[in-house]
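Here are my notes on this model, as numbered points. Have the coordinates open while you read.

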Amino acid sequence: MKIALMGCGTVGRGVFETVRELSAVLGARCGRDCVEIKYILDKRTFGEPALDALTVRDVGIIAGDPEIEVVVEAMGGTHPAFEFCMACLQNGKSVVTSNKQLVAEKAETLFETAKKHNVQFRFGASVCGGIPVLRTMFYSMAGNEITGFAGILNGTTNFILTKMIREQASFDGALKQAQAHGYAEADPSDDIEGRDTCRKTAILASIAFGTHTDPDGIHTEGITGITAADAAYIDGAGSRIKLLGIGEKQPDGRIYTIVAPAVVPAGRILADVEGVFNAVSLYGTKVGEIMLYGPGAGKDATASAVVADVLDCARTPGFDPVYSWETKQDGRLMPYQEKSLRLYVRGNAGDKAAALSDIREAFEDVTVLTRDNAPQNELAFITGKAPEKTLSLLLTQIRSFVPAVKIRCPEL
Ligand code: HSE
């Protein structure tokens, strides 16, 4: 079987190497002699004969070649990846992508086009790299209603948080290491500001709840405001700070989604997920909680998921309606401030005893936290449980305390 590759950066190179190494084995797994890459679409010249011999500049060569059955898109970004994928689908090629931005923003049109031309559009590598999360949700949990998910969906930020907490690394130093490993996005602010996690959360929510979830509708916070002081307070309480993507169906049918740093209690597996690893808890009405764990970014892990999708396309080339969601966003998103939870709060007080008394009066069930070498007037605590907007309002009303940082403590 002949396939084409659009984009030969970190992921594309992983796919190229995997296909070259396992060509005959992959062929056997999809009933062919072998799997071969016939073209690589890329603007660059690589200075490597094996790559340069296959490189083309015009997507029309790929879309117009009847020998090509499956096209892998690993360019990243929405444009021109979207136009190139459309050209391939319209010419009867199945498309496999690792591009979460493309899927989060354009899946509806790509599904429609794949359906019209009776080919596959697959994106298993777009969430959690090598972990088979999407196929688990689409196929293995088909006997359930999925009621929620919570996950560490970005390897770069988890790597940075782990380095900061375990090795007292600086934020910038840890980010540079993540970039050197090939984990970070082309624009690493997509990782650290939470946008990458937001796109993945939108994809998970669309699958879990069956209708398109717009990433722009998901409240998103990154990890740039996390300090060593907060990590120390939360570590001292036996918990961990993790950047989570959460989706939950509420009893009234509305959907709660959020991307933000969260306090994960010790004892939850998510608390112990470190480095580039990702993990997702999926909640089904019949199966209960499933947890998937593995490498969430990196060349080979992502290529593993891409190549598995290529083989699926070869085995069953026609459009699979199960591997899609409804196109209409039906307005079920709940304002995130309505969610009841606890908050971790750190701030300053001129008179700590007076502030603590006011804090205890405002919030029921307060837990005061400690850390070594805290400045004299610093206070950190966890509130009782109430809607987030109530907690935020109460915080503004306490005159003896100036809050600096809030981190949510979701019930997982
Ligand atoms: N930048 C992403 C991450 C790559 O760090 O998770 C995988 O999607």
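1. Helix here means a DSSP run of H or I with at least four residues, numbered from the N terminus.

2. Before going on, some ground rules: this is a predicted model, where local features need pLDDT of at least 70, side-chain atom pairs count only at pLDDT 80 or more, and totals for chains, interfaces and linings use all residues. Residues are numbered from 1 along each chain as its sequence is written, and side-chain values use heavy atoms, with hydrogens and water left out.

3. Now α8 itself, residues 171-180: the buried residues there are F171, A174, L175 and A178. They sit on the same side of α8 because they cover an arc of only 100° around the axis, taking the directions from the helix axis to the C-beta atoms. Buried means under 20% relative accessible area, exposed over 50%, and partly exposed in between (1.4 Å probe, protein chains only).

4. What do the buried residues of α8 pack against? Their partners are α7 (155-167) and α9 (189-192), with contact meaning heavy atoms within 4.5 Å. D172, K176 and A180, on the other side of α8, are exposed.

5. On to the cysteines: searching the whole structure gives 0 disulfides, a disulfide being a pair of cysteine sulfur atoms within 2.5 Å. For C128, the closest cysteine sulfur is that of C198, 14 Å away and so too far for a bond. C128 is buried at 0% relative accessibility, and C198 is buried too, with a relative accessible area of 7%.

Notes:
Helices (H or I, at least four residues) and strands (E, at least two) are DSSP runs, numbered from the N terminus.
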